[in-house]
Structure formats: structure tokens, C-alpha cells
Amino acid sequence: MLTINNLHKTYFGASPLHVLKGINLHIKEGEMVVIMGSSGSGKSTLLNIIGILDNYDEGEYYLNNLLVKDLSENKSSEYRNRYIGFVFQNFNLISYKTALENVALPLYYQNISRKKRTAKAMELLERLGLADWSGHFPNEMSGGQKQRIALARALITNPKLILADEPTGALDSKTSEEVIDLLKDINRETGTTLVIVTHEQMVAEKAERIIRIVDGVIEQ
Amino acid sequence: MNLGVISEILFSMRRNKTRTILTGFSISWGIFLLIILLSAGNGFKNGVTGNFEGRQSNTITINSGYTSKEYKGYSKWRRIVFDYQDETLLREGFAEIDEVVPVYRNWNNNVIYKKKAITNSLQGVYPERQRFENVKILKGRFINVTDILERRKVSVLADKDVEKLFVDEDPIGKEVKFGEIVYQIVGVYKADGDWRNDAYIPYTTAQQIYNPSKQFSQVNITVRGLDDVESNQQFVERLRASFSRLHDFAPDDYNAVRIWSRLQDYLQTMSILNGITIFLWIIGLGTLIAGIVGVSNIMLITVKERTKEFGIRRAIGAKSGSVIWMVILEALIITTIFGYVGMFLGIGLMEIVNWVLETTGVASNGEMKIFVNPTVNLGVVISATLVMIIAGVLAGYFPARKAVKVKPIEALRYE
């Protein structure tokens, strides 16, 4: 699914920060991988690079056998829309849109008609048991519900890869477990590759494979 | 173009009503104020210039009065009256003078028809008077040359007086008594407020009956070739000097002979009106700039506030172009709709004002109209709206371009 060879990333701020120091990583299609590491280890940076939200300085990153390097902004958007679904720690739902509209939004950028978008989003919400909440706005929902809406939004384009950055970071332990179980179910049912960044042991325990990043390199 | 964009934008506008209305309000308000200002200016201009309309503007009215200064042994408050000498002076003494038409007024006569009576002034006039004063004949005719030559006892009455004297009768051909003397009514004219409702009779008739001394106190002249305030002023001074020599009053005694040049009045009024127009334009442009600043500010803040939303949209697949395009279209739609609303309200209000003025006549105080047809040039309003729309779009475009230049991951962190 994705291959990373000797990837380097430096943030050029007031004092340059060498965050990723030669990452080598291969993730197979259908895998559920957890990336762990202390804060500042570079795990989120790695996830952002995998998600084409950020660029890298050195090395190679192949997504679905396509070299992702120095892509134009538009090409990145297109790849994100076609291959990747995101789940964020703070949900990142659009506040003035209802659950249904948030879920349907990625399809808007695939030029799918409103009618079809709505139908597909509704179907997905029903599958996730969130149909009753379709007309609600994000601020009317609990953290767990919001995260499940965000997950539905990530799933609606049938992506090959779902990236979750601390998906349970803003949730209590019970809800966290529910969300992770849901992610795991999706991984098993649809064969979607799943990469989760977390520092929670509970999440790690559910994964097939754990990658630990320490100080910008993968710990073997 | 993809219609989905429009529906997505209209939808986002509906959900963010406050933002939409705040952005739109500065546009509507700016256009509204601009229309009110320019319309009011135009209304004032139309009203004032309307008072000159139809009247010959090259006329000068000369009234004799009382001396207000001692001069050459004469005491103050000596009555000056005109006679044939003055008429000759005017006819022969000035190349600029075209026509000389004296007017004789006889105050407070009883006008009697059957058992009804009113009090009014008689005015002995020549036919030219109609042209000078733009007298509008409603029925019959004005005093003509034959009336003058034959010294006929005929009269042209104001419609106001006719209404008082005649109930259901046609006044033309009827005989009324001015004091003891019988006149036949040959015409009815439209009175102009309280200012002009004298009964017109032929000048020669008036001289014969009321004024055997052939003296008179008012004369109208028309002049040629005096096109600016300066030359008018000089001519009036020369005229006054001549009268001063003829009647032995101080050359700077403005009360002895009063000279009123309509052209000078007209030219001065025009220059004041032009000043007012320029002033209104400056305020109007100020209003426009305030509107532009207002809409730009709100667009700037709005786009900045939406940086995170743009980050989310880009993370799930929006291209930078589509985000910028969304902002531009949204600005375009808001400014156009609200610009139109402002135009509609402004023009609507002025139409209502116009209607009220026309039906109630509050804008004319009887003698002068001061506010007529307050409308504005549509081209000006549309240009102003376009300027606002362009400003709104640019004010959306630049921050939006900046917002999509940052990496999506940074935009997502934006709070």
C-alpha cells in the first residue's frame, strides 16, 4: 500500500528542527498499524506526510505505487480526495454544516450531485447507527458522536487508506474503545488500510502491528 | 460552470446569516445613502432651476422706489416715479436693451361679479408680459396688440379668483366690475401661488383710466449679449447711474431705483447649485469609500476566520482554486444581491418622496418650488454598485489566496 524509504523532514524555524531522520516503512494493503511515540518524536509529522498534508525534504514515499514527491497543491488535493480519509483528534467538522452535510462534503469535491451525495451519506450514517443525528450540528453532539461522524466523512469516498491522528485524544476511555473498535471493524470488513497515531496503550493493544518512533527514527 | 458551486455557496450564506448580512449591509447602506444624497441634490437642483423654466431669463425688472439718502439738497424718502423720459432713456440710451415694456400696477381693487366680490390688484401690461413671466393661459387668451391699440376694457383673471367669483359658469365673455368700471373677461391664467394672481388689463387702458399722469413704477426690459455675472453687474450699474442723473439721487442709493436682473439671479443660482453638486459628490464618494472599507474589512475578517474551514475542505480534497473560487463567488453574490437591495430601497424611497411631494405639494411654499423630481442617474448608481462589488471580490480574493497558500496542515491548526 505504501512504502517509505529513508525519509527526512526538517522544520526550518528560528532554529532548524530535524524531526524525521531517515524513516523506512512499508505498510501492506489491509493492515491496521499503530504508530506510537512520545510527543515531539515526529509521529504526527510522519502521518501528515503520509496524508500528503505536509511535504518532506529527502527520501521517497510511494502511495499505491505512485511517487508522492513535490506534488502540486492541486495534485495533492486530488490524491487526498481519491485515496485517503482523515480522522483528526479535534474532529475538524465544519460547524455550520449538519452531520449529514459534513459526511457528504468530500463527494462535493468529486462533482457528485447533491442528491447522490445526500443519499450516500445517509446510507453510511445508517450503517454506523448515526441516522438519528444526521440533522444535528457538531456542537449538538458528544465527542464520540462527532468522531464517528468524522469517521463516516473519511469513509464516504471509499478510500484505500484511513489516517487517524490521535482519534481518541479528546474522548473518555469508554468512548475511545468504541471508536477504536469501530475503526477495527471497518478495517476488517472493507479491507481499508488503517494507520493510527496514538500514545494510548489501549489503542495499541488492538492493533496488528505497532511502530514506535523515537527521536525521529523507527525503533526496531 | 458547475451549478453545484452556487447551491453550496447559497447554502453556506443561509447558514451564516449574521456574516452574510453584515457583509451585505455595508454595501446596501452605502448604495442607499449615495442614492439619497444624489437624488436630494438633483431634486433641489430641479426645483430651483424649475423656477426659471419657461421664463425669459434675459429680462431685467426695474422698480422705482424712495430715495434713502440725501443728495444735492433733496431730502431723504423722496418718491421716484418713471415717465416717458425714463422710457426714452431705456429705449435710446443703451445698445444692450432690446425691448422696453412698462407695467402699471393699481393696488387693492374690488373685483365684483353679480353679488360676489374679491380684492385684487390690477396690472396694466403689454402682450410681452406673458413671455417674460411664462403666464400659462388655461382658457381664452392673454392681452393682445389690438387690446393695447384700442384700449379695450378686457381682463385676464387668475384661476383662483375665477373659482371664487364664478360657480358653474364659463367666465369667458362675462363682464366683471373693477370698482365702477366694467371689463370683459377674455382669458383665465394659472395663478402661481400667492405670488402672481393680479388681474391683467391692457397697459394703455390702465394708463387712460387710472393713471392720467402717464407715470409708472415698474418697467421690464430685455437685454442682449450679457452672458455672465460680471457683464450683468456692470450693465446694472450703468443703468443705475443713468437713472441717478435723470432723477437726481445718489449713485449708490440702491433704494431709489431697484434693478433686478433675472439673468444674474439665474447665473448666481447656477453657480451655487454647481457648488452644491460638487459638495454632494464629495460626500457621495466618501460614502462609497466608507462602504468599500466596510465590505473589505468584513471580507478580510471572514476569510481569516474561515482559514480552518478551508484547511478542512482542502484536507478532504478541495483544490486551492475551488476554495478561492468559492470565496470570490460568495463575495460576488452577496455584494450583488445587497447592492441591488440598496439600489431598490434608495430608489424606492425617493420615488415615494417624489410621489408625496407631487400629491401634497409640500415642497413648494407658494411662490418657489424648492424640491422637484428627486431622482438619480441610474448609470451612476450602477457604476457605484459595480465599484462596491469589485472591492468586495478583491477583498475576498487576496486573503483567500493567502489562506490557501499555507499548507493544509497549518490551516487545520488555525484557531
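Which residue forms a salt bridge with Glu31(A)? The partner is Arg209(A), with the closest N and O atoms 3.1 Å apart.

**Basis of the model**

This is a predicted model, in which local features need pLDDT of at least 70 and side-chain atom pairs count only at pLDDT 80 or more, while totals for chains, interfaces and linings use all residues. Residues are numbered from 1 along each chain as its sequence is written, chains are lettered from A and ligands numbered from 1 in the order in which they are written, and side-chain values use heavy atoms, with hydrogens and water left out.

**Salt bridges**

Over all chains, the search finds 34 salt bridges (a side-chain nitrogen of Lys or Arg within 4 Å of a carboxyl oxygen of Asp or Glu). The pair Glu31(A) and Arg209(A) links distant parts of the chain, 178 residues apart. Glu31(A) lies in the loop between strand 2 (17-27) and strand 3 (32-36) of chain A, and Arg209(A) in strand 9 (residues 209-214). Strands (E, at least two residues) and helices (H or I, at least four) are DSSP runs, numbered from the N terminus.

**Interface of chains A and B**

In chain B, 29 residues are in contact (heavy atoms within 4.5 Å) with 30 residues of chain A. The buried area is about 2500 Å², and carbon and sulfur atoms give 52% of it; this is the accessible area (1.4 Å probe) lost on putting the two parts together, summed over both.

Six salt bridges cross the interface, including that of Glu8(B) with Arg114(A) (3.7 Å, N to O). On the side of chain B that touches chain A, the elements giving two or more residues are helix 1 (3-15), helix 10 (307-315), helix 11 (320-360) and helix 13 (408-413). Helix 1 of chain B gives the most, with seven residues.

**Helix packing in chain B**

Helix 2 (residues 17-50) and helix 9 (residues 262-305) of chain B pack with axes 9 Å apart, at an angle of about 175°. Axes are lines fitted to C-alpha atoms over the stretch in contact, and angles run from 0 to 180 degrees between N-to-C directions. The two helices of chain B are therefore roughly antiparallel (angles over 145 degrees).

Note on methods. Angles under 35 degrees count as roughly parallel, over 145 as roughly antiparallel, 65 to 115 as roughly perpendicular and the rest as oblique.
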